[in-house]
Structure formats: C-alpha cells, structure tokens
Amino acid sequence: MSSPYPHLLAPLDLGFTTLKNRVLMGSMHTGLEDIPNGYDAMAAFYAARAKGGVGLIVTGGFAPNTDSMIMPGDGLLDNETTAARHRVITEAVHPYGAKICLQILHTGRYAYVKQPVAPSALKAPINPATPRAMSEDDIRRTIADYAQCAAMAQFAGYDGVEVMGSEGYLINEFLSPVTNHRDDQWGGSFENRARFGLEVLRAVRERVGPNFIIIFRLSLIDLVDGGLAWDEVVQMAKAVEQAGATIINSGVGWHEARIPTIATMVPRGAFTAFTRRLKDALQGAVKIPLIASNRINDPQLAEDLLARGDADMVSMARPFLADAEFVNKAAAGRADAINTCIACNQACLDHIFSRKLCSCLVNPYACREAQIAAQFAVPPAPTFRKVAVVGAGPAGLAAATTLAERGHKVTLFDAASDVGGQFNLARRIPGKEEFGETLRYFRTRLKELKVDVQLGQRVAAEALKGYDHVVIATGIVPRTPAIPGIEHAKVTTYIDLIEGRKQAGKRVAVVGAGGIGFDVAELLTHAHDGADPIASYHKEWGIDTTYTENRGGLAKPEMPAPVREVFLLQRKTSKVGDGLAKTTGWARRLLLQKRGVHMMGGCDYLKIDDAGLHIAIEGKPRVIEVDTVVICAGQEPRRELVAGLEAAGLPYTLVGGADVAAELDAKRAIAQATEFALAF
Ligand code: FAD
Ligand code: NAP
Ligand code: SF4
C-alpha cells in the first residue's frame, strides 16, 4: 500500500544514523521534570510518543549549570549520577525505533532567579531581575558546562542534544545586538556576537564525537525591534553547520515579543515561508536538514510543506500532547482519528506558567501516562452497564467515549442536530476554527466505539427509564441580567449573534468581558472575510514577510478599516480582560485595542432604550449610543432533568456546565467527564 504521506514518513539519513521519518517532537517543559518519580513519569510520557511513531523526540530543556535554570531547582544535568537517572527515559524510548535528544537550555536573562546572567546587564521586559553581565571566565566556564551536559546526555543513552539558540535565551542574547552591548571579543560585530553559540557547538561536538546528533535551534525571526537582520540569520545557519551541527531547527519569536506565534489565533503554517526563505537563501550551501516549526498540527499540512521543499523535517510539540498516536494514525491513513491540538494553551503552557503539571485540554491523559493502569490503554469497567449521556458538548462527548471504551453500552442524546454543544459556537469565532477539529475527532471516536447517538432530541426524564445510570451533560443557560429594557429589540444573546439569527449594527455594546465577551468582540471587529488568513495575520501584527524593512522581522502593522465600533463592558473595576489566560490573554487584549475596541470597567448598567445603553461609571451617567447590545454576562447550569430523575429514582451524575457553570471551560468539562467515566 502506498504511504498516505510519502514525504513526511520518508526516513532521513543523517550519515551515521537514520531517522525513521521526518517528524520531530519539539521540546516542551511538562513539569514532569519537577515531580517525585519524575524520571519514570517522563519515561512513560516519551515512550508513549515513541510507540506512537515519532521519529525524533527532543526532551524539555535541561540546564547545563545552576545559572541557567528558569527557576532554582529546575532540571540540571551536569554529572554521571544524574545522567544515570535519565537512562530509564532513553531505555523506554529506544525499543520503539525512535531517537531521543536532550535539550540543553540556558535561559540567560529569562531566568527567574535573583540575579540571572546575560551578555550585558540589560533587563528583559518579562523578568523583574536585572542580569549580571558575564565575565570572560563565566563565558568560558559556561561553554564547558554545555559540553559537559552534552557528554552526560550521551552517557545517559540519548542519541543527541538540541542546543537551544533561539526564543531570546542565552545564545540568542549573545547573537542579538538588542541584548549584547559588549565591546570585547563576544560582542559588537556579527562574528563576535555569533562567537558564543558557535564555541558552544564546537565544544559540544569535540566532546561527543562525530556520531551524535546535535540540533541547533536557530531564531529565524526574532520579532523584537532591532533583532537579527536576515543576512545574519543566513550567515549563522552556514556557521552552525561548520561548527558541527547535524540539524537546524527553526525558532520563531522571542518570549518577550509582542506578537503571538503559537496561539490558536495564529493561522496554521504561518511561519513555514521563513524556513523556505532560508532554504532558498542557502541554495545548497548548507547540507544539513532544516526543520519547520510553529502552528503545524496536521499531517497534510506537514506533508505539503515537505513536498514543496519548504523544509526537510517538521517539528510539532503540542500536537503530541493532544495525541501520542499522531504519526501511527497518519501512517495508517486514519488522519480523521487524530485528536488535533487546537493551540489553546489552556492545559499546557498556561499550566507551566503557573507552575502546574502540564496536560492537554483535549487529552486529559497527557503527562499522566504513568498513572494509567494498563500501559497506554483505558482499563475495562468491572461491570458493564447501560448508560444514557444527555448532552453532546465537550463533557458529554468525553463521558460517552470513555464509558464506551471501558465497555459500557452508551446512548448519547443531544437536542441539537449535531454534536459539539458550545464548541459549535467557539469554532465560528475567527481564529478559533480549530475547535471544529475536536468535534471531528469525537465524531470518529463515537463511530469507532459504536455509541448510539440520538440527535435532535431534547430528552425528558421519562424517556430515560430503563438505563442503569444517566450522565447529565446538558451544559448551561446564558445568564440574563436584570437590566431595565433587556427585552428591547436591539438586545441579543451571544448565541443568536454567533449563530447568525441576529445581525449587529455599526455600533455595538457587549455586556460582559469574560472569555465569551472577548470572543464576541473579536467576531464583531474581524475584517478579513475571504482574505488569506496568513497574509492578514502578518499584516495585522506587523510581521515583515520580506524581512527587509527592519531588523528582527518587524514591519508597521496594517490594520484593516474598522468594521464597527465596539464597547466591551464589565462591572468590575479591574483591567478589562484581566481574567483571561496568561499566555494568550495579552494578545487578545492587544488585538482588540489595535482595532479600537473601547474597554470599560466599573460600569453600572442603568437601562437599555432606543438611545442605546445607559450606564454610570463612578456615579457619572452616560449613554453609549449603540444599535445593538450583546449580552455575554456569564452562564447558569442547565439542570431541568434533575427533578424528574430523582422522582423516577434513576441514579445520575452531573458533569461539565450542568454541574458547575461558574468559571467553566472545556478543560474542566472534558477532564471531569473523563475522570468520572474512568471511575464508573
Ligand atoms: P455544552 O457545551 O453547553 O453542551 C451541552 C449540550 O447539552 C448542548 O449540546 C445541548 O444542546 C445539550 N442539551 C441540553 N439539554 C438537553 C436535553 N434535555 N436533551 C438533549 N440535549 C440537551 N472553553 C474553553 O475552554 N476555551 C475556549 O476558548 C472557549 N471558547 C468558547 C467560545 C465561545 C463562543 C463559547 C460559547 C464557549 C467557549 N468555551 C471555551 C466554553 C466551552 O465551550 C464550554 O465550557 C463547554 O462547551 C462546556 O461543555 P458542556 O459539555 O458542559 O456543555
Ligand atoms: P465569564 O468569563 O464568567 O464572564 C462573564 C462576564 O459577565 C464577566 O465579565 C462578568 O463581569 C459579567 N457578568 C456576570 N454577571 C453579570 C450580571 N448579572 N450582569 C452583567 N454582567 C455580568 O463567562 P463567559 O464569558 O460567559 O464564559 C464562559 C466560560 O467559557 C468562561 O468561564 C470561560 O472560561 C470559557 N471561555 C473561555 C474562553 C477562552 O478563550 N479561554 C473563551 C470563551 C469562553 P462583571 O461581573 O465584572 O460584570
Ligand atoms: Fe494543544 Fe490546547 Fe492541548 Fe495545549 S492544551 S496541547 S494547546 S489542545
């Protein structure tokens, strides 16, 4: 049978070793590094991805010395005793034919320690600590520490290392004139700024010998003002090969960049043109493979970019949290069974930034592999029962599929004509189209597991007699605030607006600035219908695709003409959008600000009438003259079934929004429903 993805699944010969395909699982800090029995947990985590078909895995970052950790106590690899503990990881991965490299990460001025080190004493905008400029001795010692770390990785059985040279970490800080103001041999000219990274590579290669993979992660586009110029990126790629690298991986944007590079609002494949540009610029001058990265989450996209020659290999990281079996499913022609990463960051990066264990919104098993009793399989239920799941939103879908996996006989009901619940609203928000992939995945699972799906049926308690148990996953009802005039014709619910039953006028007030209020404001101000989403994203965020206008790849943002004037309101006096997620909230706020959305806190809603929405702020009344008022004032649990089931004596369990609507999100809905089903 011919391969469904011939380029993606083709082996890659590195001379001294061969990778079984062109898929690299990119480095992710998962937090497993920091928990008791963390090495066993990491072994189970990486082994699941190796079993799932990945060709080459890169671990989360390990520090080469104590200066280089993100936080004190983070993973450090500098001696044989620690290296021996890593053997459990490499030994778990190798039987599946995958290779694994350890990432060496020196965080430089991003380290959250009292005094980080950096090429120059220049504070990063995302770290309160000002770094100390490294002395000549510090630099020499640090280069030796990289080499020692690589040697310890080799001792631990890794197939190679990835030297992190992008994202604004130490090597990138040396390379960039923004962060390197030195006037000795380590700063000034390009050759001097490049010296540190290249010396690191040479020292590592000398220590590990020729038959060990060295990946260098090179910043293709810094996205910071004054960052690398394009010709310097090209020169660095050539120098990296000369210094002993086996593969160049691409990095996009520093952590301090004010442009989102991996959030769901970033279109798929938004940066592959830069990898292509580098390949063209090198014109065969560099022989080692080049890897494309960022917002690649689909095998066809990966196949197409390899077939076009944009890169030699593809890096995906979060997609392997969402589905450990990504590659095997692709290889078997079952791409519709892949649980796609929707780039929400909610359970991965947002967790890591709050020092919580990483997982995945669409796959709550991620990073809990070691806890799942039978290896990588869901344990069967002790007794099989007949279960009705009412509501096919994320909670109901997770409950139904997990119960069916465990052998129960499941019927899934929904009043709507399709499964998905509120995800059918979320996927209509520009930049959240990925949410539709989760529904495609669940549809495939329901079919595979032979769940009896009954759509278009609003179920009453009487219809559920005969089931052993009922899972109430009926979600929520939107809250209707008691504002005089709420019944006015200009008022609409967010549901009617998103589903297109009501149209918004030119001036709109959005009452409630939670996650849904922000999404509605995005929908109301989005101006790109029909335009190429990648081109629109580059323009709106000011990314210089020609990479000529400015160092760092920045251009002047080009905002489309405003579609309408929007007022986003809340009663709280805190900053509007303060409660949004850490890693994506800033970008959502910034985008709406760029589009001129008025964000107003401390609002007292007085009434709605023909003139518009009457509010008072700090006691001062004002009328916001709008044609439309969209209510996004939170939600209440939908529980009509409870009384009837209790009267009939039918046992039931509430999950998702039907259980608790306050601060509900799909992460909680899916995780709670899955945990219930595993314990049932
Ligand atoms: P729901 O998704 O509400 O599903 C309940 C289902 O039950 C519905 O399909 C309904 O038709 C059905 N039902 C109700 N009563 C009956 C009955 N008697 N008989 C049969 N069927 C019935 N969350 C995130 O985590 N991240 C996001 O980025 C995000 N974005 C969002 C954007 C928008 C625009 C919206 C509206 C929501 C968003 N959410 C997001 C929230 C997320 O969608 C919800 O938290 C999640 O859908 C809750 O899942 P649930 O299964 O509990 O309920
Ligand atoms: P929410 O985040 O709880 O926000 C509700 C908003 O309504 C708040 O701004 C609140 O602010 C306001 N409000 C509450 N009661 C009100 C009242 N009686 N009158 C007027 N205003 C009132 O809920 P949501 O926006 O409906 O979102 C639902 C859930 O979906 C959220 O919990 C969220 O996690 C999830 N979601 C997540 C995302 C995401 O991108 N991660 C996107 C969409 C939805 P004040 O009380 O200050 O007025
Ligand atoms: Fe992807 Fe969201 Fe899962 Fe993170 S939590 S891996 S972004 S789907």
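## A cavity and a ligand shell

Thirteen residues, counted as 13 in the search, line the largest cavity, and Cys341, Cys344, Cys348, Cys360 and Leu361 lie nearest its centre. A cavity here is a set of points, on a 1 Å grid over the protein atoms alone, where a 1.4 Å probe fits but cannot get out, and lining residues have an atom within 4 Å of a point. This is a predicted model, in which local features need pLDDT of at least 70 and side-chain atom pairs count only at pLDDT 80 or more, while totals for linings use all residues. Residues are numbered from 1 along each chain as its sequence is written.

The largest cavity holds about 90 Å³ of space, a volume being the space filled by probe spheres set on the points. Its lining has 10 nonpolar, 2 polar and 1 charged residues.

Now for ligand 2. Around this ligand are 22 residues, and Ala513, Arg571, Lys572, Arg588 and Leu664 come nearest; a residue counts as near if one of its heavy atoms lies within 4 Å. Because domain 2 (386-477 + 637-679) and domain 3 (491-527 + 562-633) both give residues to this shell, ligand 2 lies between them. Those bounds come from an automatic or database domain assignment.

Here are some polar contacts, meaning pairs of N or O atoms within 3.5 Å:

| Residue and its polar atom | Atom of ligand 2 | Distance |
|---|---|---|
| Arg479, side chain | nitrogen | 3.1 Å |
| Arg571, backbone | oxygen | 2.9 Å |
| Arg588, side chain | oxygen | 2.8 Å |

Taken alone, ligand 2 exposes 890 Å², and the protein buries 77% of that, with areas from the Shrake-Rupley method and a 1.4 Å probe.

Methods:
Chains are lettered from A and ligands numbered from 1 in the order in which they are written. Side-chain values use heavy atoms; hydrogens and water are left out. On a 1 Å grid over the protein atoms alone, a cavity is a set of points where a 1.4 Å probe fits but cannot get out, and a pocket is an open set with protein on both sides within 12 Å along at least five of seven lines; lining residues have an atom within 4 Å of a point. Ala, Val, Leu, Ile, Met, Phe, Trp, Tyr, Cys and Pro count as nonpolar, Asp, Glu, Lys and Arg as charged, and the others, Gly among them, as polar. A polar contact is a pair of N or O atoms within 3.5 Å; within protein, one must be able to donate a hydrogen and the other to accept it, and residues adjacent in sequence count only if both atoms are side-chain atoms.
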